Amino acid sequence: MEQSAGELGNRMMNLAIRFAVVPALFLAGALTVNAVGEAGIIKGADEFEFVYRVKLPEIVGPARVWLPLAKTDAFQNVTVEELNAPIKWDKVQDRDYGNDICVLSLEPKDSGKTIEVRYRVVRKEKAAYRADDTKAARYLRPEKLVPVNEKFKTLAEKAVAGKTDDLDRGKALYEHVISRMRYDKSGTGWGRGDAMYACDVRTGNCSDFHAYFIALARSINIPARFAIGATIPADKNEGKIEGYHCRAEFLADGQWVPVDISEAWKNPKLADYYFGHNPANRFELTKGRDLVVDPEPESGPINFLVYPLLEMNGEVLKPETTFEFRRIGT
C-alpha cells in the first residue's frame, strides 16, 4: 500500500533516530576523515553555473568521443548557456535511460582543441518522491559490474533479517554498507563501480559503495538505481571541482528514496540526513549503467558516463577534463 509523503517522512525520521547509534568500528574509521558537517550540504535550493571542459590529446588515428549532456528533471532545471565544440557533433540518447550524449568524430586537425559546455542550473534538494516509472523491473536486472547472485543475496538477507517492509530493509542495507566498507582510494580496482570488488575488498569510492548497495538491494527484489554527476562545494562560491560524485536510490512504499552512502560514511553526524535526502548542491549528468548508444564504442556499453569516453585506434584514453562552478545570487 502506498503511503503519503508525510507518512513516509515520519517513518524515515524514526529510522534516523534508531540509526543514531552508530557501530563503534564505523566511528573509529570515520575519525580519520575530515568531516564537512552541516557546512557541506545546502538545503532548499541552489543556483550555479557549471563549466565542463575537455582538452583533446594529440589525435593520431581514428577517434571518437562521447560526452554527457545534463538534462532538466524534477529536481534540476538545466540551461545550456554555451556549447563550444569546434568540431561537428551529434546529440544522441542512450537506449535505456534517455541520457543526452554528445558524440564527436575526431581528426588529427582536432588535436589540442578544447570542448566546453557551460550550464546554468537551479537545483532543488531531493527527498523521497513518488515513483512514476512503470519500468521499475528494469532496476532489478544485473549489470556487468553489478551482478545479482547468491553471494549478494546471502549478505542482504542476513542484513535485513526480521524486517519485512522495503523502507526498513533499505535502511538495514544502508547501515550494512556503511559498517562493512571503508572510503579508501588506495591501490587499484576502485572507482569502477564494481560491486564484487567492493564486497571482497571492502574499500572504494562513491561508485563502489553504491554499486555494492544496489547489488544487495536487487538481490532481495528491491529495485535500485544509479546516477552520477558532481558535488558543488558549499564552503565557497566559485572554483574547480575535484572529481565526480554519484548516488543511488531504491524503491519503497511507492516512492524512490535517495541515499548517499559514501558521504554518510565520511560524515557520521549526517548519516541520518543522507538516508532519504540528496542536498541541493549537487549536479546530475547521467543516470544508469551499461549505457547502450549508437554509435557504440568499440569497448561496448558505457560503464557510466561522467568524464568523456575517448577511443582512438581502438584504445580507451582519458582526456584532460576539468569541472568549474560559480554560484549565482551570492
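# Rings and helices, question by question

Phe 48, Phe 50, Tyr 52, Tyr 119, Phe 226, Tyr 244, Phe 283, Phe 304, Tyr 307 and Phe 323 make up one aromatic cluster. This is a predicted model, where local features need pLDDT of at least 70, side-chain atom pairs count only at pLDDT 80 or more, and totals for chains, interfaces and linings use all residues. Residues are numbered from 1 along each chain as its sequence is written, and side-chain values use heavy atoms, leaving out hydrogens and water.

Me: How many aromatic pairs does the structure hold?
Reply: It holds 18. Rings of Phe, Tyr and Trp (its six-membered ring) pair if their centres lie within 6.5 Å; planes under 30 degrees apart are stacked, over 60 edge-to-face, the rest tilted.

Me: What makes Tyr 183 and Phe 209 a tilted pair?
Reply: Their centres are 6.2 Å apart, with 40° between the planes.

Me: Why does Tyr 183 count as partly exposed?
Reply: Its relative accessibility is 23%. Buried means under 20% relative accessible area, exposed over 50%, partly exposed in between (1.4 Å probe, protein chains only). Tyr 183 therefore falls in between.

Me: Is Phe 209 buried or exposed?
Reply: At 0% relative accessibility, Phe 209 is buried.

Me: Why is Phe 226 called buried?
Reply: Its relative accessible area is 5%, so it is under the 20% limit. Phe 304 has 13% and is buried too.

Me: How do you know that Arg 138 lies over the face of Tyr 97?
Reply: The rule asks for NZ of Lys or CZ of Arg within 6 Å of the ring centre and within 35 degrees of the ring normal. Arg 138 is at 5.4 Å from the ring centre and is listed over the face. Arg 225 lies over the face of Tyr 139, at 5.1 Å from the ring centre.

Me: Why are H3 and H4 called roughly perpendicular?
Reply: Helix H3 (residues 150-159) and helix H4 (residues 166-180) pack at about 110°. Angles under 35 degrees are roughly parallel, over 145 roughly antiparallel, 65 to 115 roughly perpendicular and the rest oblique. H3 and H4 are therefore roughly perpendicular.

How values were computed:
Axes fitted to C-alpha atoms, helices over the stretch in contact; angles between N-to-C directions. Helix = DSSP H or I, 4+ residues; strand = E, 2+ residues; numbered from the N terminus.
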